[in-house]
Amino acid sequence: MPLNKKYPFLLSSLDDLPSINFAGYEFKYESELTPLAKKAAIEVLKETEEKKQTCIAELRELLRQEESLVCPLDNDHWCIKFLRARDYNVPETFKLIRKHYRFKIKYAEYFKDFVPSSMTKLYEHMIFMGSPELDDQGRRIIIAEVGKKWKHRIVSIKDLFRVCLCIMEAASLDENTQILGGVIILDVKGFNLARANKITPQIIKMGIKWIENCIPVKIQAIHVLNENNFVDLVWSMIKPLLKQDFRQNIFFHGSDWTSLHKHIPPRCLFTYYGGDIVIPPLPSHDELEAQYGEWKAKGDREFQVINSYGYRDGKKK
C-alpha cells in the first residue's frame with residue numbers, strides 16, 4: 001500500500017476515488033474524520049489507538065480459524081470498519097463478518113457482476129440520491145424515491161435491491177459513516193398496488209436480514225414520506241419481523257414537512273420536501289456519463305477486489 005495513499009481504506013491499488021459534482025455540490029469521500037466523528041469515536045465508541053490495535057489482533061485471531069473464509073486480514077481499515085459497526089465488541093464483530101459473507105453466498109444471484117457500472121439504468125432513473133449536506137449529527141442522508149420514480153416494468157425489484165447493496169457497500173468505506181451511521185429518507189409518493197405486488201415475503205425477509213444483521217453500517221433512522229394505503233399494507237408485513245430497537249427508529253411523516261424538519265433540517269433537503277436545496281432537471285445519459293463515468297470505472301476496480309473475498313467452495317460454518 002502506498003504510504004501517501006489518499007484513501008487507505010481502499011482495498012484495490014487505487015490511490016483515491018474521484019469526486020462527483022452535481023447541482024453545484026461536490027460529493028466525495030473525506031480523507032479525515034470530521035469534528036463530530038472524532039467526538040463520537042471517543043465518547044461513544046471509546047476509540048483509542050490502543051483499543052483499535054488490541055481489538056484488531058483479537059479479531060484476526062478469530063478470523064484465522066475460519067479456514068474457508070478469505071478476507072483482507074492485513075488491512076487495518078477493513079477490520080476497523082466492522083469493529084465500529086459493533087462498537088468494538090470483538091465476538092459480535094466476528095459474527096457480523098460471518099453473516100456478511102454468508103449472505104453473499106445465500107443470495108449469490110444478487111452479487112453477479114456486482115460493480116457500479118452494471119447498474120447504469122438505475123442512475124438514469126435517479127431513484128437514489130444523496131443529500132449534499134450532512135445533518136446536525138454529521139450523518140450522510142440517502143434519499144430513495146421508490147414511488148412514481150420506480151418504473152417497475154423496467155427496473156425489477158432485484159435491480160432495485162442490488163443498488164441498495166451497492167450503495168451500502170460504498171457507504172461502509174467512509175470512516176465518518178462508520179462512526180456516525182447514516183440516515184435514509186424513503187419517499188413513496190405514487191407507490192401503488194403494482195409496485196406493492198413486487199415486494200414479496202421472500203424479498204422482505206431477505207431485506208430485513210441484510211439491513212439488521214449483515215452490513216457494517218448503522219442505519220440511525222429511516223424517514224418515510226408520502227405514504228398511502230399500499231405502503232401501509234407492505235408495512236404491516238414488515239413491522240412484526242423487525243427488531244424493536246430498529247423499528248423505533250422508523251418515522252412516518254406523510255407530507256408533513258414540519259414533522260420531517262424536527263429530525264432533518266431544511267438545509268439538507270430538496271425544495272419539494274420544504275428544504276433549501278434546488279435540484280436541476282434530470283441530466284441526459286451523456287451528462288450522466290460525463291459526471292459518473294470516471295467514478296464508475298474506478299469504482300468497478302474497487303468492487304472487483306471487494307467481490308474477491310468471501311467463503312470459498314460455498315463453505316460457511
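**Close-up views of a predicted model**

**View 1. Lys262 in a loop between two helices.** Lys262 is found in the loop between α12 (257-261) and α13 (285-307), where helices (H or I, at least four residues) and strands (E, at least two) are DSSP runs numbered from the N terminus. The structure is a predicted model, in which local features need pLDDT of at least 70 and side-chain atom pairs count only at pLDDT 80 or more, while totals for chains, interfaces and linings use all residues. Residues are numbered from 1 along each chain as its sequence is written, and side-chain values use heavy atoms, with hydrogens and water left out. With a relative accessibility of 70%, Lys262 counts as exposed, a term that means over 50% relative accessible area, whereas buried means under 20% and partly exposed lies in between (1.4 Å probe, protein chains only). From C-alpha to C-alpha, Lys262 and Ser117 are 37 Å apart in space, and 145 residues separate them in sequence.

**View 2. Ser12 and its partners.** Ser12 has its place in the segment before β1 (20-22) and counts as buried, at 8% relative accessibility. The side chains of Ser12 and Glu302 are joined by a polar contact of 2.6 Å, and the side chain of Ser12 also reaches the backbone nitrogen of Leu14 at 3.3 Å. A polar contact is a pair of N or O atoms within 3.5 Å; within protein, one must be able to donate a hydrogen and the other to accept it, and residues adjacent in sequence count only if both atoms are side-chain atoms. If neighbours within four places in sequence are left aside, Ser12 is in contact with Lys5, Arg301, Glu302 and Val305, where contact means heavy atoms within 4.5 Å.

**View 3. The buried side of helix α1.** In α1 (residues 35-43), the buried residues are Ala37, Ala40 and Ala41. These residues lie on the same side of α1, because they cover an arc of only 105 degrees around the axis, the arc being that of the directions from the helix axis to the C-beta atoms. The buried residues of α1 pack against α7 (175-180), while the face turned away from the buried side carries the exposed residues Pro35 and Ile42.

View 4. Asn226, in the loop between β7 and α10 (229-238), is not a glycine and yet has a positive phi of about 60 degrees. Most residues other than glycine have a negative phi. Asn226 is buried, with a relative accessible area of 16%. Asn228 caps the N-terminal end of α10, with a side-chain oxygen 3.0 Å from the backbone nitrogen of Phe230. Within α10, the buried residues are Val231, Val234 and Trp235, and they fall within an arc of 105 degrees seen down the axis, so they line one face of the helix. Among the elements that cover these buried residues are α8 (193-196), α11 and β8 (250-254).

**View 5. Tyr88 between two helices.** Tyr88 has its place in the loop between α3 (76-85) and α4, and its phi is near 65 degrees, a positive value in a residue other than glycine. Tyr88 is buried, with a relative accessible area of 6%.
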